[in-house]
Amino acid sequence: MPRHILLAAMILRMAVPALVLAQAQPPEQPKPKPRPERVVLPPMVDEKYGSSAEIMALEPARLIAILQEPGASVYAKAKACQRLAVVGDKSAVPALAALLADPRLAHYARFGLEPIPDPSADDVLRDALRKLQGRLLVGVINSVGYRRDAKAVGALAKLLYDGDSEVAQAAAAALGRISGPQAAKTLQQELDRGKAPVRPAVAGAALVCAEGLLAQGQRKQALALYDALTRADLPTPVRDAATRQMAAAAARDAADQEAREGFRPLFNGRDLGGWDGDPRLWRVGDGVIVGSTEGVTLQSNSFLITRRSFGDFHLKAQVKLRNHNSGIQFRSEALPDWGVRGLQADMAENNHWGSVYDERGKRGILVNGWSGKAEKVVRANDWNDYEILCDGDFIQLRVNGVVTAELRDTARMSGVIALQLHRGPAMEAQFRNLRIKVLR
Amino acid sequence: MVRKTEFVSRRRLLKTAAQAGALVMAPQVIRGSVLGRSGAAPPSDRITLGGLGIGSRGTSVLRSFLSEPDVQFLAICDVRNERREAIKTLADQKYGNRDCAMYSDQYELWARKDIDAVLIATGDRWHTLLSILTARSGKDVYCEKPCSMTIAESRALADTFQRLGRIYQAGTQRRNAANFVYAVQLARSGKLGKLPTLHAEVGPGNRWSPRTTHDWLPAEPEPPRQVCDWDRWLGPSPWRPYNSQYVQGRWRGYFDFHGGGILEWGSHTVDLCQWAGDVDETAPLEYEPHGMGSNTPYSIDCRYASGLRLVMRDSGFLGLGSCHIRFAGDAGWIETADGGKIEVSENLRAELPAISPEEARAATANHVRDFLNCVKSRRQPRSNALAASQAHIACHAAYIAFQLGRKLTFDPATDTFAGDDEANRMRSRAMREPWRL
């Protein structure tokens, strides 16, 4: 440690022994220190009602009275609205609603109305949809959307064709946020017909709407919306997002299906819990196990080995081999110094993928799964699906869905699973989505 | 240094989205115009940048961007003429040309298809809204902290970036400061014991009042729109009369423009605690405020679902610098702050690394680099939208408990307070028309 830190630590230790010596304890609170007020210009004070703090300390009934008082200042009314946002109930709604058409206070009125749980707040906002125009209408539409007032869907659908494009865009966004079957239907129709002048806004809203549908379990309608959003005439960010969300939904479905079938993670995606390997060679990043021999010279092949054994199982993994040679051991025996002996689902640069090899054994390659099989489907230096099925004496390997090797073998019916780094040139192999179903 | 990727973990939803995304978005076309200066990165590797509202802090971040060889800054948008000119001068001097465009309307900047990413350093009131609108325009975002004004804004921020697959980096650069990273790593290694208590320094109350005020300053004549567009400066926040103090940077402490002293500092320190506790994807369940009187030390005692404890406090640290964090478990403790000094319990002293003040100061440069790397790789940076939003939600919830002066129970899955109507009504604020999230 640098000397100045040591010195500082010693001084601190003398100054606050309780802090440093009580190692496991949180620090004690020191004596209260005066907290000077912020130094600013003197703020505005309302002639009748005083400072903002004084106004906002008033009871809700008094605040409502300020809103209704013709001579009260904008300042007093603004502060009353902001306080009613937290404490106002339905008795405050009419007074707030009366300000929705006042250009200076309309936003403050919505500030007060938006958080009021009582449904009468929805009623007055919906009512204002018919009466206002321009920016004040935009504001009310936004508040209706924020409150997710499903009763407003019909009125909002009409506003999609409002001559003021700000109004039409706000209506689209509100429909997206409200979501639910009726809003979804409206947005889907607009996407299909393609007549709405604010098509990009409708598309953005549909994206939000579909998410709401998924959250409510309305999968079919959500996917239909996503599908409509992948059309070529829509903005690229929306199309990309819809495509990605559809793929994500499909991936979630596949994962759910596998979980139902009994597959469980063999790798937790975060660390090497449950595994044992040379710490110089293995790390975890972004849900991936990365094995690399860069900067390390291996005397013999080194493995990342499961701490438990598996007999009959179905293993699925995704593998990316940068170069050289790797593989997945199964039904193998763990040896000292992260070595193993037993069967290996092999892989190598331009060779051996899909083959069964007898690591540290005498049988060599038991089945050649490369020629005419894996060689046709393997993606070099890219992610590949690798599957190992061991069911009694029957063993089957698949690469990217293609069966590459089948054999019957009883040499060893149970053992560890292990990931290989091969000695020789510096190499890297990555593994992710390892999941296993134990058959019995 | 710890590798970035060791700590990144996301909800299953995000993970599957990213994996699926990796398939469908494979050919990522990187835009970037030709610079024509020797020593510059080739165009395909270059990231073109725009700026929104760059003041003093923003300028310092912008300098970090400008010193990266693969960045080209193309345009500045600001409501103040003076700021537009200053940033244009900075960029033009750097490149030896007069090419930096100036806008007062952010939509003109978003319309520029040749801009990949945007640095947002306006006042807090604009942060979430501009980040979201920038993402919708198809660009990536580096945004100064605090990143949101409310719980609702935080959630919208995380959802939008997840939905659109854009890259977001919050300006919480301490996630890339060597001393803070070491402390986080130590807490996560288990060497402090199981579930160490996390202590986050929040606005030191003797200098930063935790409370915001609803006051208005006296009205001054509004300047011409070309000099300063007051309406646009206010943006989504409530209207109030113009006063030059606000636009000159003295807007903190006003409720309409600022989230308070807990968020101001907690957006860094609570964020680091969430990282240390491996709870980046959630927030505490319980918030119990202490010391609500004026001129007294204050704290908010928080608890996560796992039983993990987080204490936000304005005092009681070792005085190593600003922005303390302390992690203390039954097997040891560590405390660090700005400047790079680290203190640990005796048993952990031997393995303590020496971190130079230069290393500690490199945080912003590292953080900017992290963002740029992720713009290219399409991976999530350390202060991604979800992690930042969850830490902000914890700070907002704590400040709500502090204002109400009572213990609150919160459900991080639904962002809802249990049985407290007032608290729930403080989770969002209506935006001034025409703005919405």
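Which strands of chain B does helix α3 lie across?

## The sheet in chain B

This is a predicted model. In chain B, helix α3 (residues 81-95) lies across β1, β2 (71-77) and β3, and runs at about 165° to β2(B). Those strands belong to an open sheet of six, ordered β3-β2-β1-β4-β5-β6 with parallel pairing. From one strand to the next, the twist averages 20°.

Let's zoom in on one pair. Strand β1 (residues 47-52) of chain B and strand β4 (residues 117-120) of chain B run in the parallel sense and share four bridges. B:G50 is found opposite B:V118 in β4(B).

## Another helix on the sheet

Helix α12 (residues 363-377) of chain B also has a place here: it lies across β1, β2, β4, β5 (140-143) and β6 of chain B. Its direction is at about 170° to β6(B).

## A helix pair in chain A

Over in chain A, helix α9 (residues 134-146) packs with helix α11 (residues 165-178) at an angle of about 5°, and their axes are 8 Å apart. Angles under 35 degrees count as roughly parallel, so that is what α9(A) is to α11(A).

Who meets whom? From α9(A) come A:L137, A:V138, A:I141, A:N142, A:V144 and A:G145. On the α11(A) side they meet A:E166, A:V167, A:A170, A:A171, A:A173, A:A174, A:R177 and A:I178.

Note on methods
Residues numbered from 1 in each chain as written. Chains lettered and ligands numbered in written order. Predicted model: local features only at pLDDT ≥ 70, side-chain atom pairs only at ≥ 80, totals over all residues. Axes fitted to C-alpha atoms, helices over the stretch in contact; angles between N-to-C directions. Helix = DSSP H or I, 4+ residues; strand = E, 2+ residues; numbered from the N terminus. Parallel < 35°, antiparallel > 145°, perpendicular 65-115°, else oblique. Contact = placed C-beta atoms within 7 Å. Pairing = 2+ DSSP bridges.
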